Amino acid sequence: MREKLTFLGIETSCDETAASVVREKADGTGEILSNIVSSQIEEHKEFGGVVPEIAARAHVEKIEFIINEALKESNLNFHNIDGIAATAGPGLIVCLTVGLNIGKAIAGSLEKPFIAVNHLEGHALSPKINNNIKFPYLLLLISGGHTQFLEVNGINNYKRLGTTIDDALGEAFDKTAKLLGIEFPGGPKIEEWAKKGDENYFKLPKPILKKGGCNLSFAGLKTAALRTSKELKNQEEKYHLAASFQKTINEILYEKTKVAMDQFLMNKKNIEKTFVIAGGVAANLKIRENLTKLSKEKSFSSIFPPINLCSDNAAMIAWAGIERFKINLIDTLKFPSKARWPLDESAPILKGPGIKL
Ligand code: KG4
Ligand code: ZN
């Protein structure tokens, strides 16, 4: 029998510098031997968002240390690693290049296989580290940069069912939080404030709720939150806006997920109905509760990766590397970093003015 694979993963696509060592287990899932993430929240706080040059400099300063920590914690050294996987996109080029180049350098000098990983495939396959899930499954990816429903048919085999036509969901949380005077990233604080507010206090719009299939839109909601925020009289009302915003998001996700589930089941027989929710926003407990309830109603089993695997990390990159290596998807050291790299290349671009749904 072949030896179980052990991969080093490297992630620097945005504002997390991360490295991880993951090993295959006999049952087909993975064991995370180390998972080191250094977040740059402090560096970007005063700017209200990620500043690419600051992020890139922080990656350069930290990446070697983070990789060494990941190896140390796994009790392994470079010679015990079977391959190196690094995120090659999508993301900020100045950031991606840092992790990609060091990954290539390690792979080149050790003469080990190199895998260039799509960050979104990392998120898409992350639930398979802890669960034996069969393809196909339905994925909702909700993060600061992406909001998509995807049919995951296999490694390197995705069909996009729906996407946001404007802001990503995490972006909508962060921008609304900013209006309320909350520092970046504001998602977790909105969730906290929402607990203290009345979710029925403000009525906010749900753009394209009944049209556009399972495509989503949050820009109108954000504009309404902006208008409302200007009229708030006290802290109580700020809590009410946080609660009303979160409730509206949940109503949108409920309706759109229903459509996505029906679309996913079309022309499929005898499949296990699995719904995976990943990305940083999947940490939100109200969203988890809402989508778990819907899954039960629609006879889907819902899977939320643990919170440290929902937000950006390198364990998911190492794991995607292992899965790709097993089907011979190995890359050369010439692989470029890519700012844009959709999982479903055939899906049309649905962002920008004049989109017709
Ligand atoms: O996946 P992630 O860590 O990084 C990206 O790839 O974007 O997602 C970060 C996003 C941020 O927008 C953050 O505000 C949001 O996830 N987020 C949350 C919560 N925790 C993180 N949004 C709502 N509720 C939360 N509890
Ligand atoms: Zn991400």
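## Buried core, zinc site and loops of a predicted model

Thr-248 is buried, at a relative accessible area of 4%. Buried means under 20% relative accessible area, exposed over 50%, and partly exposed in between, with a 1.4 Å probe and protein chains only. This is a predicted model: local features need pLDDT of at least 70, side-chain atom pairs count only at pLDDT 80 or more, and totals for chains, interfaces and linings use all residues. Residues are numbered from 1 along each chain as its sequence is written, chains are lettered from A and ligands numbered from 1 in the order in which they are written, and side-chain values use heavy atoms, with hydrogens and water left out.

**Around Thr-248**

Thr-248 lies in helix H9. Helices (H or I, at least four residues) and strands (E, at least two) are DSSP runs, numbered from the N terminus. Which residues does Thr-248 contact, leaving aside neighbours within four places in sequence? They are Leu-204, Pro-205, Lys-206 and Leu-221. Contact means heavy atoms within 4.5 Å. Leu-204 is 44 residues away from Thr-248 along the chain, yet their C-alpha atoms are separated by 6.7 Å.

**The nonpolar cores**

A nonpolar core is a set of buried Ala, Val, Leu, Ile, Met, Phe, Trp, Tyr and Cys residues joined through side-chain atoms within 4.5 Å. The largest one holds 42 residues, and Ile-249 and Leu-291 touch the most other members. Two or more residues each come from strand S6 (137-142), helix H6 (169-179), helix H7 (187-194), helix H8 (219-229), helix H9 (235-265), strand S9 (274-278) and helix H10 (285-297). H9 gives the most, with 11 residues. Not counting residues up to four places away in sequence, Ile-249 touches Leu-169, Phe-173, Phe-218, Leu-221 and Ile-287. Apart from this core lies another, of 30 residues, including Phe-7, Ile-115, Ala-278 and Ile-303.

H6 has its own buried set: Leu-169, Gly-170, Ala-172, Phe-173, Asp-174, Thr-176 and Ala-177. These residues pack against S6, strand S7 (147-154), H7, H8, H9 and H10. After H6 comes Gly-181, with a positive phi near 85 degrees.

**Zinc site**

Three residues supply the protein donors of the zinc ion (ligand 2): His-119 (NE2), His-123 (NE2) and Asp-312 (OD), lying 2.1 to 2.2 Å from it. Donors are N, O and S atoms within 2.8 Å of the metal (3.2 Å for Na, K and Ca); water is not among the atoms, so sites may look incomplete. The spacing along the chain is H-x3-H-x188-D. His-119 and His-123 are both buried. They sit four residues apart in helix H4 (residues 119-125), so about one helical turn separates them.

**Aromatic rings**

The structure holds seven aromatic pairs. Rings of Phe, Tyr and Trp (its six-membered ring) pair if their centres lie within 6.5 Å; planes under 30 degrees apart count as stacked, over 60 as edge-to-face and the rest as tilted. Tyr-201 and Phe-202 are edge-to-face, because their planes stand at 80 degrees, with centres 4.9 Å apart. Tyr-201 is partly exposed, at 40% relative accessible area. Phe-335 and Trp-341 form a tilted pair, 5.5 Å centre to centre and 35 degrees between the planes. Both Phe-335 and Trp-341 are buried.

Trp-341 also meets a charge: the charged end of Lys-338 sits over its ring, 4.4 Å from the centre. A charge sits over a ring if NZ of Lys or CZ of Arg is within 6 Å of the ring centre and within 35 degrees of the ring normal. The charged end of Lys-268 sits over the ring of Phe-264, 4.4 Å from its centre.

**Backbone in the loops**

Most residues other than glycine have a negative phi, and most peptide bonds are trans. The table lists exceptions.

| Site | Backbone value |
|---|---|
| Phe-135 to Pro-136 | cis, omega near -5 degrees |
| Phe-184 to Pro-185 | cis, omega about -10 degrees |
| Asn-75 | positive phi, near 60 degrees |
| Asn-267 | positive phi, near 60 degrees |

Pro-136 lies in the loop between helix H5 (127-130) and S6. Pro-185 is in the loop between H6 and H7. Asn-75 is found between helix H2 (52-74) and strand S4 (83-89), in a loop. Its relative accessibility is 70%, so Asn-75 counts as exposed. Asn-267 lies in the loop between H9 and S9. At 81% relative accessibility, Asn-267 is exposed too.
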